[in-house]
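Hi everyone, thanks for coming. Let me put the structure up, and then I'll walk you through a few things in it.

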There are 2 protein chains.
Amino acid sequence: VTISKKTASFIRSLQLKKYRTQEQRFVVEGGKGVVELMGSDFEIDMVAATPSFIEEHEPLLKSRATDVRVSTEARLIQLGSLQSNMHALAVVRMKPNLPPTLDKIDYLVVLDALRDPGNLGTILRACDWYGLTHVVASEDTADLYNPKVVISSMGSFLRVRTFYTNLEQYLMNLNLPIYGMFLEGASVHDFTFDKPCCIVIGNESHGISANLKPFITQSVTIPGYGKAESLNAAMATTVVLDNLRRLEK
Amino acid sequence: VTISKKTASFIRSLQLKKYRTQEQRFVVEGGKGVVELMGSDFEIDMVAATPSFIEEHEPLLKSRATDVRVSTEARLIQLGSLQSNMHALAVVRMKPNLPPTLDKIDYLVVLDALRDPGNLGTILRACDWYGLTHVVASEDTADLYNPKVVISSMGSFLRVRTFYTNLEQYLMNLNLPIYGMFLEGASVHDFTFDKPCCIVIGNESHGISANLKPFITQSVTIPGYGKAESLNAAMATTVVLDNLRRLEK
């Protein structure tokens, strides 16, 4: 079965948040991404793929009992956001937006108005690398299901769950030490973090919002040795998580 | 003075490496970038800027005795690669491609076929943050003067000098311990790096080239705790530099 004009236009509409929210569906692009997706617990509506991808992954596709459509590479590129996609694309159901169960969590990353989709994807990848399972994000943070987030997370969005909420209310009721990343504060090279704990990462330009500062137990910073003004939010998150894990040893 | 059609087409041509190499010139975009540039020792041929930018930075512009052209915001966007540029753009001379003087260096980052301009810019920013002054890159690494590198480095390309060369020959003659970042090796959380030393970062997909492996004194790795396959090259570089500085304490 191939893809009808109507289905193609439905898939393309999922590039926009408005339609993703309305349909509660999003798109995963690329052969590697679709294979990883099929190994996850996400519900897949449809896989559009080239004949060679379908042949190679037939058992996996059958085990997922998903609707498989034959496509050309050119069509896959039309349907998605990648400039090159030689294998596959999937239409996937969003998961419900649920708060993390805190008793299983050692470290929780909280994102305050993180706007750049590439940064969000990279942060999910870093969280996954360092074994974190949950992120909490303000409602004005980039959308998890934005194609750029999905792609730059390199599959980590499948393992790291993101909960969008009002951070003021969330932090007010959070029974964990709350560390905030600032340009000034205790050095991550000296400071001993409590475990479990929560680390707040601020907006790329403005840092942590004024209304969240009262909830920060301790400001922490990454010591600089040169003349750069800052590290970007994704680099800072990665460095903090590395320091947290290193301290456990 | 405004910008002639001929000058505009010259500036636009500098988006391409071919013309940058031929003209030995490149473009710096954005008000903040141009201000930082004017504080550096780079030679500036021309600044195109809005009347308000020219008024605000008149003394600095005069002190650089550079050719200043009045421009609109719309024109600045046409001339460069940014989607928004409310202030300025400069045409700048490349610096000669010279090897670093090693006696002043504590840590030297070496990039092997790092292809993504955004990654290169982010690595320069990380090097600058951690006080490194030089990077050595293979000839097939992304071009330092690519607009995306200049922009994503956030001004750090002004302070961190990049030398392009044949890495096989360079490493063969380098009288420093040479550490290579791999997915397996000594953990950066346990390992003690010699100082001074050199750290080789490999290509985004293929890691460090086979022909460079004989020169690696020691493989090092960033320990992972979750299921992500890897960190990206820029994140890995940032984490290694953080560990190097942390170890000095």
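**Salt bridges, the interface and the core**

Let's start with one residue: B:Arg69 counts as buried, at 14% relative accessibility. Buried here means under 20% relative accessible area, exposed means over 50%, and partly exposed is in between, using a 1.4 Å probe and protein chains only. Its partner is B:Asp67, and the two side chains meet in a salt bridge, 2.9 Å from N to O. B:Asp67 is partly exposed, with a relative accessible area of 30%. By salt bridge I mean a side-chain nitrogen of Lys or Arg within 4 Å of a carboxyl oxygen of Asp or Glu.

Quick housekeeping. This is a predicted model, where local features need pLDDT of at least 70 and side-chain atom pairs count only at pLDDT 80 or more, while totals for chains, interfaces and linings use all residues. Residues are numbered from 1 along each chain as its sequence is written, chains are lettered from A and ligands numbered from 1 in the order in which they are written, and side-chain values use heavy atoms, leaving out hydrogens and water.

So, how many salt bridges are there over all chains? The count comes to 28. One of them joins B:Asp143 and B:Arg20, at 2.8 Å from N to O. These two sit 123 residues apart: B:Asp143 is in the loop between β6 (134–138) and α8 (147–152) of chain B, and B:Arg20 is in helix α2 (residues 17–23) of that chain. For the labels, helices (H or I, at least four residues) and strands (E, at least two) are DSSP runs, numbered from the N terminus. And are B:Asp143 and B:Arg20 buried or exposed? Both are buried.

Another pair is B:Arg25 and B:Asp45, with 2.3 Å from N to O. B:Arg25 lies in strand β1 (residues 25–29) and B:Asp45 in strand β2 (residues 44–49) of chain B, 20 residues apart. B:Arg25 is buried at 17% relative accessible area, whereas B:Asp45 is partly exposed at 23%. Over in chain A, there's a network of salt bridges linking A:Arg25, A:Glu43, A:Asp45 and A:Arg93.

Now, where the chains meet. 34 residues of chain A are in contact with 34 residues of chain B, contact meaning heavy atoms within 4.5 Å. The area buried between them is about 3,300 Å², with carbon and sulfur atoms giving 57%. That's the accessible area (1.4 Å probe) that two parts lose on being put together, summed over both. A:Trp129, A:Tyr225 and A:Arg246 supply 25% of what chain A buries against chain B, more than any other three residues.

Two salt bridges run between chain A and chain B. In one, B:Glu229 pairs with A:Lys32, the closest N and O atoms being 2.9 Å apart. On the side of chain A that touches chain B, α7 (117–129) and α10 (233–247) of chain A each supply at least two residues. α10(A) gives the most, with eight residues.

Last stop, the largest nonpolar core. A nonpolar core is a set of buried Ala, Val, Leu, Ile, Met, Phe, Trp, Tyr and Cys residues joined through side-chain atoms within 4.5 Å. Which of its 118 residues touch the most other members? That would be A:Ile222 and B:Ile222. Leaving aside residues up to four places away in sequence, A:Ile222 touches residues in both chains, including A:Met181, A:Leu231, B:Trp129 and B:Tyr130.
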